[in-house]
Amino acid sequence: MKKIIRCDWANKSELEQKYHDEEWGIPVHDDKKLFKMLILEGKQAGLSWTTVLSKMETLCKAFDDFDPKIIVKYDDKKIEDLLKNEGVIRNKLKINAVITNAKEYFKLCEEFGSLDKYLWAYVDNKPIKNSWTKIEEVPAKTELSDKISKDLKKRGFKFVGSTIIYAFMQAVGMVNDHLVTCSFYNKSEEKK
């Protein structure tokens, strides 16, 4: 059996390994999943991705699986319920950002047709494939993530700084940042 070699960041826990092997870097074109990942990356701000992964099931349940159609209808009672839920990241700014982003999502979709069309146009509808050999080479943000972040902020989105956007781009496969030594370096192309 061939030994699996993973990116350095994905060797700390089984949760990280599973996420790395099954989701990270695989191109996503489903609007609901793109929205969900955008929100989850924003929730990570100031925390580790492992924290988000460990709360994933509870977060999805508490936030109606991040369905923007439901989230736009959240009221003060729902916000209070979320702030009392120990299974979620209880940060009022982040909770309010989810609602704001759901509202802005619909405006963006009206203009571009979908979140997918808006986002993937930035990379000419195909992943940017990098060739990093060491984790230290992988940037935290790029000129492109700066550009997307700036535009999303201008549109009213919250928790969409350049570092968050770059992590999002990696997660949804807009950028392939698996190390060249990683067993999954070419996997995103195989799963098309």
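Predicted model: local features only at pLDDT ≥ 70, side-chain atom pairs only at ≥ 80, totals over all residues.
Residues are numbered from 1 along each chain as its sequence is written, and side-chain values use heavy atoms, with hydrogens and water left out.

**View 1. The largest nonpolar core.** This core has 56 residues, and Phe63, Leu119 and Met174 touch the most other members. At least two residues each come from α2 (31–44), α3 (49–54), α4 (56–62), α6 (76–84), α7 (92–112), α8 (115–121), α9 (143–154) and α10 (162–171). The largest share, 7 residues, is supplied by α7. Leaving aside residues up to four places away in sequence, Leu119 touches Leu34, Ile148, Phe168 and Met174. A nonpolar core is a set of buried Ala, Val, Leu, Ile, Met, Phe, Trp, Tyr and Cys residues joined through side-chain atoms within 4.5 Å; buried means under 20% relative accessible area, exposed over 50%, and partly exposed in between (1.4 Å probe, protein chains only). Helices (H or I, at least four residues) and strands (E, at least two) are DSSP runs, numbered from the N terminus.

**View 2. Helix α7 and its cover.** The 21 residues of α7 should span 30 Å at 1.5 Å a residue, and the end C-alpha atoms are 30 Å apart, which agrees. The expected span is 1.5 Å times one less than the number of residues. Among the buried residues of α7 are Ile95, Ile99, Ala102, Tyr105 and Cys109. What covers the buried residues of α7 includes α2, α5 (68–71), α6, α8 and α9, where contact means heavy atoms within 4.5 Å.

**View 3. The largest cavity.** Here is a space of about 70 Å³, in a structure that holds 2 cavities of 30 Å³ or more. On a 1 Å grid over the protein atoms alone, a cavity is a set of points where a 1.4 Å probe fits but cannot get out, and a pocket is an open set with protein on both sides within 12 Å along at least five of seven lines; lining residues have an atom within 4 Å of a point. Grid points are joined across faces, edges and corners, and a volume is the space filled by probe spheres set on the points. The lining of the largest cavity includes Leu38, Lys94, Asn101 and Phe159, and α2 and α7 each supply at least two of its residues.

View 4. The largest pocket holds about 500 Å³ of space. Of its 20 lining residues, Trp24, Gln44, Trp49, Ala167 and Gln170 are the closest to its centre. α10 gives the most to this lining, with 6 residues. In the second largest pocket, the lining includes Leu15, Lys18, Tyr19 and Glu57. Its largest share, 4 residues, comes from α1 (14–22).

**View 5. A loop residue, Lys134.** Look for Lys134 in the loop between β1 (128–129) and α9. Lys134 counts as partly exposed because its relative accessibility is 47%.
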